[in-house]
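Here is a quick tour of a protein model for someone who likes to know the cut-offs. Have the viewer open and follow along.

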Amino acid sequence: MAMKIRRMLATVCLVSALLLAAAVHAAPDWDDLEHPEQQVLKRHADTWDDMADEQRDRLLAGARRWSGMTADEKRQARKRFNKWRRLTPEQRKRIRDRFREFRDLTPEQQEKLKQNFRKFKAMNPEQRRRLRDQYQGMSPEERRKFMRELQQRRELERRRQLERRRQLDRRRQIERQRQLERRRQMDRGDRRPPPDLPER
């Protein structure tokens, strides 16, 4: 009986803490923003309080980044933004898709890609031109073959990642089952460890 009361009390405390944390983390209303933040976000003033918390958090984080930038960084950011606005919807979609693909890579793959990009940027203009010419010098069949091989490697890696996720999910499920069994035994007053569950 005392165990049930303790568990119930712990549950009430946990729920209260979660509700409090959610309330504390809520994005601020427009009137709660500091003046510099309002200046950066002024075009959103009329709709701010109607936005979802996630959107307000994202915009507020961007405004704070902007406020912390030097004049040169702001100039470069404006330049990138103007370049982005000039892109066609198809080009933007392609960039977003590539970003999602990059984000789905393992940290090791991301680092390898960054290293390759840094190597490319470190090349002098002549070296870059030769590399581009080499790619452009490929016949359409060679390019298709190259792209097929690249897609096959990506698909293989995607499958490996999926299998790793499945294995991790299965391990978590087994661990949850073990914890649940331990709790059940504790509730029954049985202090013996639970029987081993299968690894797979």
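## Ground rules

This is a predicted model, so local features need pLDDT of at least 70 and side-chain atom pairs count only at pLDDT 80 or more, while totals for chains, interfaces and linings use all residues. Residues are numbered from 1 along each chain as its sequence is written, and side-chain values use heavy atoms, with hydrogens and water left out.

## Overall fold

The protein chain has 8 helices and 0 strands, giving the pattern α-α-α-α-α-α-α-α along the sequence. Helices here are DSSP runs of H or I with at least four residues, strands are runs of E with at least two, and numbering starts from the N terminus.

Of the 200 residues in the protein chain, 12% are buried. The scale runs like this: buried is under 20% relative accessible area, exposed is over 50%, and partly exposed is in between, with a 1.4 Å probe and protein chains only. The protein chain exposes about 17500 Å², and 54% of that comes from carbon and sulfur atoms. Those areas come from the Shrake-Rupley method with a 1.4 Å probe, and for residues only the protein chains shown count as cover. As for contacts (heavy atoms within 4.5 Å), take those with a separation of 6 or more: residues 24 or more positions apart account for 29% of them.

## Salt bridges

Side chains of opposite charge can pair when their charged atoms come close. How many salt bridges does the structure hold? There are 21, where a salt bridge is a side-chain nitrogen of Lys or Arg within 4 Å of a carboxyl oxygen of Asp or Glu. One of them links Asp97 and Arg100 at 2.8 Å, N to O. Both residues sit in helix α5 (residues 89-104), 3 residues apart, or about one turn of the helix. Asp97 is partly exposed because its relative accessibility is 26%, and Arg100 is also partly exposed, at 40%.

Arg148 pairs with Glu141, with the closest N and O atoms 3.4 Å apart. Both ends count as partly exposed: Arg148 has 40% relative accessibility and Glu141 has 42%. Then there is Arg188 with Glu181, at 3.8 Å from N to O. Arg188 is at 54%, so it counts as exposed, whereas Glu181 is partly exposed at 24%. Salt bridges with shared partners also tie Glu126, Arg129, Arg130 and Asp133 into one network.

## Charged patches

Patches take residues with over 30% relative accessible area and no salt bridge; like charges are joined within 9 Å, and nonpolar side chains (Val, Leu, Ile, Met, Phe, Trp, Tyr) within 5 Å. Lys and Arg count as positive and Asp and Glu as negative, with His and the chain ends not counted. Each charge is placed at NZ of Lys, CZ of Arg, CG of Asp or CD of Glu.

The positive surface patch gathers Arg43, Lys79, Lys83, Arg85, Arg86 and Lys121. Which helix gives the largest share of the positive patch? That is α4, with 4 residues. Lys121 belongs to helix α6 (residues 107-122) and is partly exposed, with a relative accessible area of 47%. On the negative side, Asp31, Asp32, Asp49 and Asp50 form a surface patch. Asp31 sits in the loop between α1 (2-25) and α2 (35-40), and its 68% relative accessibility makes it exposed.

Is His44 buried or exposed? His44 is buried, because its relative accessible area is 16%. You'll find it in the loop between α2 and α3 (53-67). Leaving out residues up to four places away in sequence, His44 touches Met51 and Leu59. Its C-alpha atom is 9.2 Å from that of Trp30, which is 14 residues away along the chain.

Glu157, in helix α8 (residues 140-188), is a charged residue that counts as buried, at 16% relative accessibility. Met69, in the loop between α3 and α4 (71-86), is partly exposed at 24%. Beyond residues up to four places away in sequence, Met69 touches Lys74 and Ala77.
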